[in-house]
Amino acid sequence: MQKCGITGSTGNLGKSFIKNNKKFKYIKFKGDITKKNDVNVWIKKYKFDLIIHFAALVPISKVNKNYKKALKINYLGTQNIVNAIVKNNVEIDWFFFSSTSHVYPFKFNPIKETDILNPISKYGKTKLMAEKFIVKKFEKTKIKYCIGRIFSILDNNGKEFFMKSLIRRIKIKQKLIKLDNMNHFRDFLTTKQISEIIIKLSKKKYRGIINIGSGKKTDLKKIAILLAKKFRKKIIFQKNKPTCSVSSNVKLKELGIKFKVPDISKELNLII
């Protein structure tokens, strides 16, 4: 059984990854990722076959409130892991880093991995900095690293995810609800689907950068309308400039990685 070092094991994606793949022996990182010694001890102690790096400060609201903390966790924490691997000459078969679609600017055509990078958020900035460091350090080594740029996530538990927060907003409001900043299109996959894609990538030991998304455009206004019907509420939408972020799935298809596009209505019922 392969030994898999995993950070962020208590997060929604980390829990889902472990739950959906029982073929690895998981060794969870339980220290402070911003402390070099904690990371170094963990890397040196175990002879990992692969490392899955999920640990991050994710919610946009939290990153915006404390950007310094986000930099420490998302960027410097990643630096600590990568430096420890290189410094100790750790010969792992595969290294996965969970990045984000936030490294790309909005675009109404499907976004390719080779498209221009211009982060749309501070969260995206921290992840892009970490990406560049990984590439710089691992490019000249034999380590097969994979940077997965994850698009929007559907999850039953994460309070900060879009669906959950929108349900909460509509449910607690009076019958007439005014919603702004909703004229957008996003690309959703469930945490289970994302986990399964990463597992398939690990089996192929894919090296490089790859988008992880459904490739389908979902209208956020339509989601709000569906929820309003369920909770018998009336919505007034404030006008705003539309944006779009949807993945090109060319690379996933070339690797033979298949999955079903989520049924948004069904997923909403599960979340509710």
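This is a predicted model: local features need pLDDT of at least 70, side-chain atom pairs count only at pLDDT 80 or more; totals for chains, interfaces and linings use all residues.
**Helix H7**

I began with helix H7, residues 191–204, and checked its length: at 1.5 Å a residue its 14 residues should span 20 Å, and I found the end C-alpha atoms 20 Å apart, which agrees. I then looked up which residues of H7 are buried, and the list holds Thr 191, Gln 193, Ile 194, Ser 195, Ile 197, Ile 198, Ile 199, Leu 201 and Ser 202. Lys 200, which also belongs to H7, is partly exposed, because its relative accessible area of 33% falls between the limits of 20% and 50%. On the surface, I noted that Lys 200 gathers with Lys 23, Lys 203 and Lys 204 in a patch of positive charge. Just after the helix, Lys 205 takes a positive phi of about 50 degrees.

**Salt bridges**

I next searched the whole structure for salt bridges and found three.

For Asp 115 and Lys 107, I read 2.8 Å between the closest N and O atoms, and I recorded Lys 107 as partly exposed at 30% relative accessibility.

For Glu 131 and Arg 149, the closest N and O atoms are 2.6 Å apart. This pair links distant parts of the chain, with Glu 131 in helix H5 and Arg 149 in strand S5, 18 residues apart; both residues are buried.

For Arg 207 and Glu 139, the N to O distance is 3.8 Å. Arg 207 lies in the loop between H7 and strand S10 and Glu 139 in the loop between H5 and S5, so the pair ties together parts that are 68 residues apart in sequence. I noted Arg 207 as partly exposed, with a relative accessible area of 32%, and Glu 139 as partly exposed at 40%.

Key
Residues are numbered from 1 along each chain as its sequence is written. Side-chain values use heavy atoms; hydrogens and water are left out. Helices (H or I, at least four residues) and strands (E, at least two) are DSSP runs, numbered from the N terminus. The expected span of a helix is 1.5 Å times one less than its number of residues. Buried means under 20% relative accessible area, exposed over 50%, partly exposed in between (1.4 Å probe, protein chains only). Patches are made of residues with over 30% relative accessible area and no salt bridge: like charges are joined within 9 Å, nonpolar side chains (Val, Leu, Ile, Met, Phe, Trp, Tyr) within 5 Å. Accessible areas come from the Shrake-Rupley method with a 1.4 Å probe; for residues, only the protein chains shown count as cover. A salt bridge is a side-chain nitrogen of Lys or Arg within 4 Å of a carboxyl oxygen of Asp or Glu. Lys and Arg count as positive and Asp and Glu as negative; His and the chain ends are not counted. The place of a charge is taken as NZ of Lys, CZ of Arg, CG of Asp or CD of Glu.
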